[in-house]
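Subject: Structure handover

Hello,

Here is the structure I promised to pass on.

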Amino acid sequence: MTLRAMGRIIRIWTAFLLFTVGCSAWGADDFPSQGAVVAAQPAAAQAGVAMLEAGGNAFDAAAATALALGVVEPGSSGLGGGGFFLLYIAKQHRFVMIDGRESSPQLAGHGEIYQRKSSIDGPQSAGVPGLLAAVARMQQHYGKLPRADTVAPAIHLATKGFTVTPRLRRMLDWRKDVLNPAAKRLFLSGNRIRQPALAQVLRRYAKFGKDDFYRGQTAGRMVADMQRDGGLIRLEDLAGYRAKERRPVVFHWHGYRVVSAALPSSGGMVLKEIFGMMQHDDLMAMDRADRTHLLIEAMQRAYRDRNRFLGDSDQVTIPSHLLNPIRLAKLRQSIDMAHTTPSAELGKSTEPAGNGRDTTHFSVIDRHGNMVAATLSINYGFGSGYVSPSTGILFNDEMDDFATRPGVPNAYGLVQGKANAVAPGKRMLSSMTPTIIQGKRRTLILGTPGGSRIISMVLLTAVAFMRNQTPPESWVAAGRFHHQFLPDVVQFEPGALDAAMQKELRARGHRLQQVHSYGNMQAILWDRPSGVLTLLSDPRGEGEGVRQQ
Ligand code: DON
């Protein structure tokens with residue numbers, strides 16, 4: 001046996017041992033006192049809890065919540081979009097991520113079309129939707145209830161309608177000009193939104209499963225609409241789409257196990273890189289200014305790597321040394337605690353759009369300790385603005401998450417490279433970061449919308465959870481700050497950095513930019529020994545935590 005082969009076997013065994021040690025520390029015999037769902041809209045959380053009360057598990061609840069969110073939060077996620085479901089299957093002590101990320105239609109080629117046409121507005125900006133394939137996979141492989149039960153709340157909400165909330169009104173005001181006539185008819189004709197065509201699609205899903213959407217009547221209708229209206233999605237794209245099971249990113253930091261989204265989401269890798277840089281830092285002992293500075297510098301370096309190296313790992317090779325501990329230690333050494341390091345090139349300090357009104361996150365737990373963290377999206381508010389008239393499905397504009405023009409900032413100000421260039425069938429790099437963190441006594445299920453800032457929001461909440469110095473409610477409410485390498489500025493919410501902190505950071509050379517408040521985190525904290533759940537819904541939004549009775 002060669003030395004290299006021996007090294008590999010030792011590494012595999014060490015990983016296996018660490019994993020099993022992690023599992024036993026996980027407290028596999030603890031159960032929460034009840035099940036619960038926290039989602040961005042109460043009706044969707046209730047839809048999930050109804051499944052728990054009907055004898056379903058967390059995965060049935062997640063399916064019902066996801067489908068209901070697509071109806072009552074139509075500007076944020078839905079059948080025309082995609083997302084990531086991070087599952088913990090308690091019986092098997094196993095995590096898995098279901099990747100329902102959109103893929104690029106064949107006709108989008110290498111993105112030439114986006115030199116002429118928008119990657120944000122209009123049907124050509126839509127990727128092949130993955131949500132229903134992911135929901136179907138989750139429900140079929142891991143759920144207990146009949147499929148039709150999990151669809152029923154969404155059908156009911158689409159048929160009976162719901163009242164436009166202030167948040168939705170604001171989003172409509174922002175995006176009304178890009179809506180096509182079918183979208184305008186649906187969303188702008190009064191204070192109550194009814195979606196009868198969408199209800200039909202949901203009914204067909206209940207009856208025939210996802211094949212109707214990907215190969216059947218719904219597929220035919222969507223494609224006919226797309227073809228007429230200038231969209232790129234064709235029957236072959238839909239028939240070829242698969243939700244994929246992926247091994248989540250797992251890492252340990254000071255006694256915590258963090259499990260997060262794998263590629264094509266960059267979330268888990270960026271988190272791992274940041275925590276890896278801080279492996280030998282004591283965030284408890286460090287004063288607030290040093291901690292803030294360190295987090296900013298670590299974000300800046302990890303986002304640089306994200307933007308340069310990450311993309312769909314099924315199509316591009318990700319450098320294997322990226323998260324190597326020696327490299328991360330070197331990156332940590334490159335951080336000067338007294339002064340910020342300017343990003344290599346200065347970008348425009350425009351405020352990236354995407355303040356977390358669009359996209360959505362929900363967290364679920366059931367009595368058996370099964371968990372789901374799910375972040376779902378159609379990208380921008382009301383996605384592409386294009387509703388396929390015959391199906392009532394609002395399409396995403398996720399193509400803009402590719403580097404459609406490498407080197408040029410996208411809607412979130414991200415300047416990305418070739419690894420995330422458009423290619424047929426490829427999945428665009430995401431920042432969605434559904435995450436589950438386990439400590440010695442407590443588990444946190446979390447995630448949020450917010451475009452490129454999602455990862456730094458999850459990071460800040462993770463740090464607050466690990467430090468445990470403030471009440472849990474403040475972890476999702478606290479002011480947020482963010483650095484994404486380019487633009488080379490620290491963006492912060494009103495109130496996130498007080499005057500003294502701003503002065504201190506400026507003294508260390510940071511350029512600060514106050515931005516509008518952002519994010520809409522939905523989290524569940526589980527104290528395992530007592531079984532008590534704390535439901536945490538971001539006060540910036542309209543979400544709610546609902547408990548099983
Ligand atoms: O996948 C992504 O990274 C984006 N499409 C998420 C968009 C988002 O969170 C918008 N919210 N403000």
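This is a predicted model: local features need pLDDT of at least 70, side-chain atom pairs count only at pLDDT 80 or more; totals for chains, interfaces and linings use all residues.

The interface. On the domain 1 side, 26 residues make contact, and they meet 27 residues of domain 2. About 2,100 Å² is buried between the two domains. Carbon and sulfur atoms account for 71% of that area. Within domain 1, the residues that lose the most area to domain 2 are R167, M371 and T375. Together they make up 26% of what that side buries.

Polar links. One salt bridge is found across the interface of domain 1 and domain 2. Four residue pairs are in polar contact across that interface, with both residues at pLDDT 80 or more.

Who supplies the domain 1 side? Five elements each give at least two residues to the side that touches domain 2: α2 (42-53), β2 (82-89), β3 (94-100), α6 (166-175) and β10 (371-377). β10 gives the most, with seven residues. By class, the domain 1 side that touches domain 2 has 15 nonpolar, six polar and five charged residues.

One more pair to look up in the model: K244 forms a salt bridge with D314. Their closest N and O atoms are 2.7 Å apart.

Best wishes

Conventions:
Residues are numbered from 1 along each chain as its sequence is written. Side-chain values use heavy atoms; hydrogens and water are left out. Contact means heavy atoms within 4.5 Å. Buried area is the accessible area (1.4 Å probe) that two parts lose on being put together, summed over both. A salt bridge is a side-chain nitrogen of Lys or Arg within 4 Å of a carboxyl oxygen of Asp or Glu. A polar contact is a pair of N or O atoms within 3.5 Å; within protein, one must be able to donate a hydrogen and the other to accept it, and residues adjacent in sequence count only if both atoms are side-chain atoms. Helices (H or I, at least four residues) and strands (E, at least two) are DSSP runs, numbered from the N terminus. Ala, Val, Leu, Ile, Met, Phe, Trp, Tyr, Cys and Pro count as nonpolar, Asp, Glu, Lys and Arg as charged, and the others, Gly among them, as polar.
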